[in-house]
Amino acid sequence: RALFRMITLAGGLDYHDFVLALKDDTVTIADVYIYASGEFFSDSLRRLVLPTLVRQDKSLLSKLLEQDTAFAKHLDDVKALGAARMAGDFDEMLAIYDRFPPELKKDKSMMLNRLLAESGKDLASEGYMQVMADMQAAFPGDPCLDIVLIDHYFSLKEYSKAHLCINSLRLSTGGDPYLDFIDGGLFFTEGRYDEAIAHYETAIAAEKTLKAPYLGLLTVALEQ
C-alpha cells in the first residue's frame, strides 16, 4: 500500500491510501481508501453505477442490501443533494437529507453530507453538535471521524481530545510529520510554546521540505 497526504487550498487534511497489486510484473492500483469520505473509491463508484444497473434490470432490487436499495430508489434526491452541495446551499442539503428513509440517513457518505451542511451553517449550532454525536456513535474509531473531530474539538477548545484524535491518526497512517505540525499548532493555541516548538522541530527533522512547521516556529518566535 502507498499512503499519500493531501492538503487542500483551504488547509484541510486528507489521506489517500492506495491499495497496490501486481499484475503481469507491473504494479497497478487496485483501489484507494479516501479518509475524508471514509470509504474505498470503488464503493463510491459502485453507488454511482448501481442506479443505472437497476434501471436496466429491475430484478436487481431484490438482490441488493437495504442501504443499496434505498440509494437506488432515492437516486433523484441523492443527485439533488450533490447539486445543493456544489451550490453551497446548506439549508437545501439538510432538507433533502431529512427526506431520506432511516436506512439511507445512516449511510456514512450521507451523514458526511449532513455534517458538511451543519458545519457550513454554524459550528456552534445544536444541529452540528447532534450530527457529530450521531457519527461518533455510528462510526467509532473511523479515521475519517478523527480528521473531522480535530476541528470539532478545536472549536470547542477541548484541546486534549483534539490531541487524542491526532494520535489516533498517527496509528492509522503509520505516522506523518504533518500531524506533528497540527499538534504544534494546538499547543501554540494553548500557550504551551515549548511543546509547540518541540513538535514543529520533530516535523522538520522528519520532512525538511515541509514548509508549515517553519512558519509555526516563526509564529512562536514572534509571539514570545
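This is a predicted model: local features need pLDDT of at least 70, side-chain atom pairs count only at pLDDT 80 or more; totals for chains, interfaces and linings use all residues.
I take helices (H or I, at least four residues) and strands (E, at least two) as DSSP runs, numbered from the N terminus. Residues are numbered from 1 along each chain as its sequence is written, and side-chain values use heavy atoms, with hydrogens and water left out.

**Entry 1: aspartate 17**

I looked up aspartate 17 and found it in strand β2. Is aspartate 17 buried or exposed? Its relative accessibility is 12%, so I log it as buried (under 20% relative accessible area; exposed is over 50%, partly exposed in between; 1.4 Å probe, protein chains only). I then listed its contacts (heavy atoms within 4.5 Å). Leaving out residues up to four places away in sequence, aspartate 17 touches Arg1, Ala2, Leu3, Asp31, Val32, Tyr33 and Tyr35. Tyrosine 33 in β3 stands opposite aspartate 17. I also checked histidine 199, 182 residues along the chain from aspartate 17; their C-alpha atoms are 25 Å apart.

**Entry 2: the sheet**

I traced an open sheet of 4 strands, in the order β1-β2-β3-β4, with antiparallel pairing (two strands pair if DSSP finds at least two bridges between them). β1 (2-7) and β4 (39-40) are the edge strands, each pairing on one side only. Between β2 and β3 (residues 26-34) I find 8 bridges, in the antiparallel sense.

**Entry 3: helix α4**

Which residues of α4 (residues 90-99) are buried? I find Met93, Leu94, Ile96 and Tyr97. Seen down the axis, the buried residues of α4 fall within an arc of 160°, so they line one face of the helix (the arc is that of the directions from the helix axis to the C-beta atoms). Their cover includes α3, α5 (102-105) and α6.

**Entry 4: the largest pocket**

I used a 1 Å grid over the protein atoms alone; a pocket is an open set of points where a 1.4 Å probe fits, with protein on both sides within 12 Å along at least five of seven lines, and lining residues have an atom within 4 Å of a point. The largest pocket holds about 1300 Å³ of space. I count 44 lining residues, with Ala36, Ser37, Leu112, Leu116 and Val148 the closest to its centre. Elements giving two or more residues to the lining include β2 (13-23), α6 (108-121) and α8 (143-155). α1 gives the most, with 8 residues.

Note on methods:
Grid points are joined across faces, edges and corners, and a volume is the space filled by probe spheres set on the points.
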